[in-house]
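Here is a short briefing for a first look.

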Amino acid sequence: MPDAARAEFEAAMRRNLSFLEKLPGFRGHLVLEKSGGPTSFNVVTIAVWDNPQAIEAAGKDVRAYYQKIGFDLPAQLAKWGVRAELGNFQAFRGAP
């Protein structure tokens, strides 16, 4: 994330977290900032949900929320110069 977009990004992240915290199945949120290494990403956000059904329902709720408040995520990411990679993950079940 470019430094010039940071304040606006953080404000949007706080607003979104306030919305997510009220959704069924939401368990928590974590934001990590790069401290070193060769990755091109400097911020990672992680939301934790009870199960895949909660994730699916939250996705629908978030899209409706964005439409209600007039927030166009792809356009905003482009404006900020932010590249996002989205994915769903589950706890690693293999032996270390």
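The points below take the pocket first, then the charged pairs.

This is a predicted model: local features need pLDDT of at least 70, side-chain atom pairs count only at pLDDT 80 or more, and totals for chains, interfaces and linings use all residues. Residues are numbered from 1 along each chain as its sequence is written, and side-chain values use heavy atoms, without hydrogens and water.

**Pocket**
- The largest pocket has a volume of about 1800 Å³.
- A pocket is an open set of points on a 1 Å grid over the protein atoms alone, where a 1.4 Å probe fits, with protein on both sides within 12 Å along at least five of seven lines; lining residues have an atom within 4 Å of a point. The volume is the space filled by probe spheres set on the points, which are joined across faces, edges and corners.
- The lining has 27 nonpolar, 11 polar and 5 charged residues. Ala, Val, Leu, Ile, Met, Phe, Trp, Tyr, Cys and Pro count as nonpolar, Asp, Glu, Lys and Arg as charged, and the others, Gly among them, as polar.

**Salt bridges**
- The structure holds 7 salt bridges (a side-chain nitrogen of Lys or Arg within 4 Å of a carboxyl oxygen of Asp or Glu).
- Lys 79 and Glu 8 pair at 3.1 Å, N to O. Lys 79 lies in helix H3 and Glu 8 in helix H1, so this pair ties together parts 71 residues apart in sequence. Helices are DSSP runs (H or I, at least four residues) and strands are too (E, at least two), numbered from the N terminus.
- Asp 50 and Arg 27 pair at 3.5 Å, N to O.
- Arg 6, Glu 10, Arg 14 and Glu 33 are linked in a salt-bridge network.
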